[in-house]
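Reader: I am new to reading protein models, and I would like to learn how one describes the place where two chains meet. Could you take me through it step by step?

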Amino acid sequence: MKTTKRKLVLVGNPNVGKSVLFGALTGTYADVSNFPGTTVELATGRYGDWQVIDTPGVYGVSTFNDEERVTKVALEDADLILNVVDATHLERDLFLTCQLLDLGKPLLVALNMMDEAEKAGVKIDLPGLEKDLGVRVIPAAFRESRGLHLVKAYLRQSPAQLRAAFRTHPGGSAAACGGPAPPFCPDAAEREDCYRLWRRSADRLCQRHLAYPRQSSSFAARLDKLLLTPLTGLPLLLLLLLAVFFFIGKVLTQTVAGFTEGVVMGRWYFNWITGLLSPHLPPDGFLHCLLIGEYGLLTMVPIYLFGLLFPLVVGFYLVMSLMEDSGLLPRIAVLADRSFSRFGLNGKAVIPILLGFGCVTMALVSTRILGSRRERQIAAALLCLAVPCSAQFAIILAVAFSLQPVYLLLYALIILAIFTLLGLLLNQVLPGRSTDLFLSLPPLRLPQAGNLIKKTARKSKHFLTDAGPMFLLGGLLISLLNYFNGFPLLRQWLAPLTTGLLGLPEETAALFLMSVIKRDLGAAGLYSMVTGGSLTQPQTLVALTVMTLFVPCLASVMVLFKERGPLDACLIWAGSIIVAFAAGALVAAIL
Amino acid sequence: MLRSLNLAEARKGQFLMMGSVADPAVRLLALRLGLGEGSRVRCLHKLPGGPVILALGLQKIAVGRRLARQIPVRKERV
């Protein structure tokens, strides 16, 4: 048994099926996503005596973004590179193949999505392509396990055999069209010349070995046409969003969470844990308050976390994974491009904004995909102020659905108006120029159920590990405050704000404190206040408005400092408090 | 005959030949996606005031309207 494993690095453009192959080879899970840039981490697994590394999708290997830097490092000590290529997008994907040829390492090309290419009538001359590239080309459809045995057979070769196979076809990318081979990773001065060379090589390969049908009229093509035409695309998009809102706000929150929170956790679990512990804890003691009190670590924390938030978060991530894997997300980016350009963003910013409805913290990290510092600033400000995260959003929806339609409409208008005004304002005052939309759209595909479930499970687990400690911290702080009678003091201090400015009951002071620690903790508190009947309809609207706009949670503030620096972070943080209370006060004054 | 125009002026369904893109960063990304000077594309859709969607083989590429105005193209006879 050898101790040093050989390194196999999977490389390819975004959405070409690398991760499906990775899963088939190693048996472990890797994130498969339909939007460029969501698999930033390297996934590693084992196959026989190979260490298999799955890199993020890239169009070329340079230092343009994190994905490319990560891929470049992974390639440096590869023993074999497996370049996965989308057979329906050869003219795009062969650019990377040509660049990889010039790395001079053993290379294997897998022509994935052959089933789709055949269905679309694309004709590929495989022997010719193989001959010109000088490396083995394997036709495949990894989703159907087609071609997998050929890859496995290739991997069974000894290192000497692999090297020998590669040495018989030297010459690099330029061999296909003559001339000297360019360096694999050229410096800035040479970059464009090398790019032109790889482009020419890829184009020539396509001219020689690829023939397209005249028209495609599959169902996906017709649906895509409807989606990309505003007259039909916008209503479809609206319908989709309404379905999502209904699914999360009504079905999940009221039916599912109503059962998990109201019955399973709120009754069965609550009775069990209090029955178990209360005989041993004096009712006025500190431990009673800390563990099973109103804000107890074993009562409020698990009931909110598992009963209320977890089902909502799972639902949200399922919806997001569905949109990512189907290729809908980039279509939404296209439809939103015109509106977003007024905020100094391009349609691509839909990704962090929509992700923000899942978790603002993760969304702040994903603002890196935006093309300029200016866009990242604008997106971060919009995310922190006007985008509620999934758990908070689901609760806001649930609370909002309990409002009379007129208040629900008012709420939607207020948040939308603030989002728009902030975007317009930032676009005016921030210096510089934003980048334009320039995006390769992945094909519309029916997502794979297994992949959806795995992805949702992974992200939901991430939510629990991320939110769990913060909830415990929040429970601890609030229980301490409660035990030492800090609440009356806090209520008194905040009274000018809560009762004076906003016209809310004093108890809402605790909600704002909870929100500072974790936004959804505060939202969960608001939910129980509203369902408990302690707020009137106008008061609910005011509280909802303030809670939606209020400061981002501690975790996102930390990421905000890291991503945007102290000045931007402090401005956004302070700004969100001021805007939240100002908007709340305005609503309170009008109603 | 061939006539010079920019991508934003192209009409839906037209076959076009790409000219040279002025912005170096966009030019490099375009080369990677398969769009070089002389590439033949088709204008698939134009969203009113919004992006132009190009077809390059079976690939679809969305180009923001402001950027489309800066990309010279020539109309191709089919």
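Author: Let us begin with polar contacts: between chain A and chain B there are 12 residue pairs in polar contact, both residues being at pLDDT 80 or more. A polar contact is a pair of N or O atoms within 3.5 Å, where within protein one must be able to donate a hydrogen and the other to accept it, and residues adjacent in sequence count only if both atoms are side-chain atoms. This is a predicted model, in which local features need pLDDT of at least 70 and side-chain atom pairs count only at pLDDT 80 or more, while totals for chains, interfaces and linings use all residues. Residues are numbered from 1 along each chain as its sequence is written, chains are lettered from A and ligands numbered from 1 in the order in which they are written, and side-chain values use heavy atoms, with hydrogens and water left out.

Reader: Which element of chain A gives the largest share of the side that touches chain B?

Author: Helices (H or I, at least four residues) and strands (E, at least two) are DSSP runs, numbered from the N terminus. The largest share, 5 residues, comes from helix 8 of chain A. By class, that side of chain A has 16 nonpolar, 9 polar and 14 charged residues, where Ala, Val, Leu, Ile, Met, Phe, Trp, Tyr, Cys and Pro count as nonpolar, Asp, Glu, Lys and Arg as charged, and the others, Gly among them, as polar.

Reader: How many salt bridges does the rule find across the interface of chain A and chain B?

Author: A salt bridge is a side-chain nitrogen of Lys or Arg within 4 Å of a carboxyl oxygen of Asp or Glu, and the rule finds 4 of them across this interface. One joins B:R66 to A:D436, with the closest N and O atoms 2.9 Å apart.

Reader: Which strands are joined by bridges between the chains?

Author: Two strands pair if DSSP finds at least two bridges between them. Here 4 bridges join strand 9 of chain A to strand 5 (residues 59-63) of chain B, and the two run antiparallel; within this pairing, A:F438 has B:V63 as its bridge partner.

Reader: How is the size of an interface often given?

Author: It is often given as the accessible area lost when the parts come together. Buried area is the accessible area (1.4 Å probe) that two parts lose on being put together, summed over both. Chain A and chain B bury about 3200 Å² between them, 62% of it on carbon and sulfur atoms.
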